[in-house]
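Hi,

Here is the structure I promised to pass on. Have a look at it first, and then read my notes on the charged pairs below.

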Amino acid sequence: MFVTDTRIENLLSYLEQDYSSTEEGFLLLLSEKSVPDMELLLFTLKERGIKVCGGIFPALLHKGKRVDKGAIIQRFPLLGDPFVVQTQMNSSSPLKSYHNVTGKKTALVWADGLSGYTPQNLKWLYAQLGGPITYLGGGAGFMSFQQAPCVFTQDGIYQDAIVGMVLKKTARVGVSHGWKKIMGPLVATKTRKNIIYELNWEPALEVYKRSIELAGGGVFDGGNFFDLAKQYPFGIYRSQTEQLVRDPLGIGEEGAIICAGEVPENAVLNILKGEDEELIQAARQAAAGCQTSEQPLDKVLIVDCISRALFLDEKFERELWEVEDCFSKENMEVALEGVLSIGEISSLSGQNLDFYNKTIVVGAFYD
Amino acid sequence: MQEDIIQDISILYELSLSMGKSMDLEENCHDFLEVLMHRKRISYASVWVCETCLTLKGSNTYSLIYGSPNFYIQERSLSKEELVPDSWATHSYFSFSDDHPDFSRFVVEQNIEQGHFAYIRLDELGYLKLYSNQKSSPFSGVELTKLLNVSQQFTNIIKGCISQQLYKRLLNDSLEKEDKIRKIAKFPEENPNPIIRTNKTGIVEYANFSSNSLLEILGVNKHEPLPDFIRMLILDAWRKKESVTEEISVEGKSWILQISPFPDENFAYLYFNDVSKLKQAHMALKASEMKTRAIINAALDAVISIDQDGRIIEWNQRAKEIFGWEMHEVFGKTISGSIIPEKHREAHSRGMERFMRTGYGPVLNKRIEIEALHKKGHSFPVELAISPIKLSEGGSYIFSAFVRDISVRKEMESKRERLMVELEKANKYLSDFAHVVSHDLKEPLRSISTLASWIQEDHEEFINEEGKEHFSMMVKNIVLMEELIEGVLSYSKLGRSWDQMEDINVGDFLCDMVKGIALPPHISIELSQSFPTVFYHPIHLRQVFQNLLSNAIKYNDKSNGWVRIGVKDKGEYWEFFVADNGRGVEEKYFEKIFQIFQSLDKKKNFESSGIGLSIVKKIIEIYGGRIWVNSELGEGTTFYFSIYKENFLSDSSSL
């Protein structure tokens, strides 16, 4: 359910109206331009015993369009209370294990998209919750790329953390990006978390610039880094699947490149380039990847990277239309809702949780 | 094709550089396997290493040293047969999927029911076990072959980490041992005794903390020479090239000094051990021993000790005097052959043997009388007490005996017994004699008395006044003679008859007695207000009071004479008195008046047999009491006597 009026009393009336059981919780996705007084909102929700989990995003997706204001509210049956994973936690922290829970289970996971701790938080969460579970989520944050508390549960709003809830519901996830290699390999010879200091034993920015210029991608003039870089992300190779995309977000000290997402040291990188149509078709591919005719479709949640929206610009709605069309063609009429995220989260077929960039993740929930 | 190769190389490159950043086993496993899992889309990876490699001890088990993610981990220790299919155990790698009949047998993880496993052998170290839940297996032979080289590198790094772990453990063990030894050995600095290191010439190079006070007494600082007498000892040890131990004295303290020279190192260690207290204790012990020895030698009894084989090990001066043997003659010889008469030797051997076997000895720790053998061959009686002394727990015994020669005592006892028999005989003879004499004398007296009466009656007209008076005196003397004989008879019969004794209220008793006395008109008797009850023979008590009263009345020459009877409480006994205001007795007769046949007034015609007070004295003494007299001539006399309050039946010792 999409709501435009995000005043606390309005949100509360929707949440309370829809609330029927303590075994249910709400996914609350807020547009960064429609953020109410979060402390008051969450305090009130907690007082009233309403469980909630979600984040603040650059924009929302609703009815095939990008929406900059409003909120998305979705009700889900829960297997447990919403959880928070923070960097200071360790493996002894209490987090309910779902290893032995059989049947429907899906985890909605929302991370601080600009936090360098997100990869290790995801690893810890994965080790705790287990593999035979479908993960779906993304990175929250603000368009300004200034880090601030952006993920929340009814217990509070957090920075450098991930929040989530485990649903008693089946979901299938499709993941795709459509970016292709144009140059490589380059070796990330010196990195720390999401910062690449050196590529091929030289300052990362110099090598990156040179490579893009060589590929005819344009000339960096000092002020256009983001405009150019959004077209040329890095890719980390993985067997039998698409490369893991790492989006260059800015320039660090001494010619370092700051990425959205961790880049392991000595990882072999390629420079990727996106073609509009390939990206749009990738979205359709992601939508197809989560479809099944075995169960009736309940709802669809799209987590699409803000950088894709920026890259596709006016064509972005085509990407959303392709997703919608993919479901329509299979006679799955459903309202598509989602967020423009700073990083996307999913696990492919019960494998490790990954934090993607410039990727679209489509989650289909079935009854 | 070229792209694939480049991608493979890039992954292998990343894998090969992912490890070896440290020597930490877990960190290396994590770094390598994280890259491998992400790049190869592997769901779970684990490393199993045999115990032999981990601990250097033989064992067929394999331990899980790393597994990620941990929600798959279930078993952590397995036998080889449980971990690896036997037929593939020596292969470099192998894989199998859930369609393999033994799939479930080798699922030692939890939450896995289907998928694909791959094993890569890490030399003799163990196995890298991988799991994927992808639909199609990523573990083709080609893919696994690609990983062999980098796996070998991983193996080597793991070996290095394990070796370092073992080395650290061994090093820690070694350090712990060294620490223990250090603590036990107490390095010189911690040693409570002075330890000094000098060079050959005795100049102090090192002195531990405990040496400070000794050096101060010696007046020596570090890097200065020790006193000459110690330097001489150092030179002596140096010359001999061996340790020298000497007792030295410094300021009244005794030290054992051991000097150990190390000529090759050009130094000597001096170890000082303060033995002053030990020496004092030794001297005290020696003094104590000498004192004991002196006591034993001066003892009135012979002190003889023997070991458990019966050999004499102690023989004092008195033993020599009693038995005639010198110490050197008997030391080490058996006691049996020395002082025990032949007839007792077998019993002695049996007793010793029984005690050693059972710990029981009926004659031990008691005073017994027995015959002993003198060096000259004659037997004599001894009294002895034997005490066994255990020298150590479960160890041997010695036996010490105190022996007293009782020959003289025995002789005396024998003589006394003979005398007692003779005395008894004499007493009986005397008693019989007194009885016979008194009886036989009384008969003729009665005849004389009768004949005198007849003569006086038949020839009254022929006898003048003087003759009549002589007859009268003769009759009186006959009566007196009869009384005398009766008294002797009574005296000789006196003795205690316990069965006739009874509680007597003395007050009532005296009142009755006084009533029966025909008092002369000039005499009065005064009794005290109260008298006690005494346990006495009533006839004896009557004899006592009657005799004393009779004397007091008889010898009272006053016109207003009185006799007073009273008693005083003297604690254990009652002190009775009978006082009069008669003519008194001279002090020189105070003892004599109690002797038999002693009457002071025979010449003055008083009717006295001289036996009454003897009888009184004898009665009082029979009951353990005492009688005495106080008197002043012309003023009067007081007799005192004592009677015990308790039933005084046995001891006749006087008060």
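**Salt bridges**

B:Arg197 counts as partly exposed, at 25% relative accessibility (buried is under 20% relative accessible area, exposed is over 50%, and partly exposed is in between, using a 1.4 Å probe and protein chains only). Its side chain meets that of B:Glu205 in a salt bridge, 3.4 Å from N to O. That term means a side-chain nitrogen of Lys or Arg within 4 Å of a carboxyl oxygen of Asp or Glu. B:Glu205 is partly exposed too, at 33%.

Some ground rules: this is a predicted model, where local features need pLDDT of at least 70, side-chain atom pairs count only at pLDDT 80 or more, and totals for chains, interfaces and linings use all residues. Residues are numbered from 1 along each chain as its sequence is written, chains are lettered from A and ligands numbered from 1 in the order written, and side-chain values use heavy atoms, leaving out hydrogens and water.

Also in chain B, Lys253 and Asp274 form a salt bridge at 3.4 Å, N to O. B:Lys253 sits in strand β10 (residues 253-262) and B:Asp274 in strand β11 (residues 267-274), so the pair ties together parts 21 residues apart in sequence. Helices (H or I, at least four residues) and strands (E, at least two) are DSSP runs, numbered from the N terminus.

Over in chain A, salt bridges with shared partners join A:Glu277, A:Arg284, A:Arg318, A:Glu322, A:Asp325 and A:Lys329 into one network. Within it, A:Arg318 and A:Glu322 pair at 3.3 Å, N to O. A:Glu322 is buried, at 7% relative accessibility, whereas A:Arg318 is partly exposed, at 33%.

Over all chains, the search finds 59 salt bridges.

Cheers
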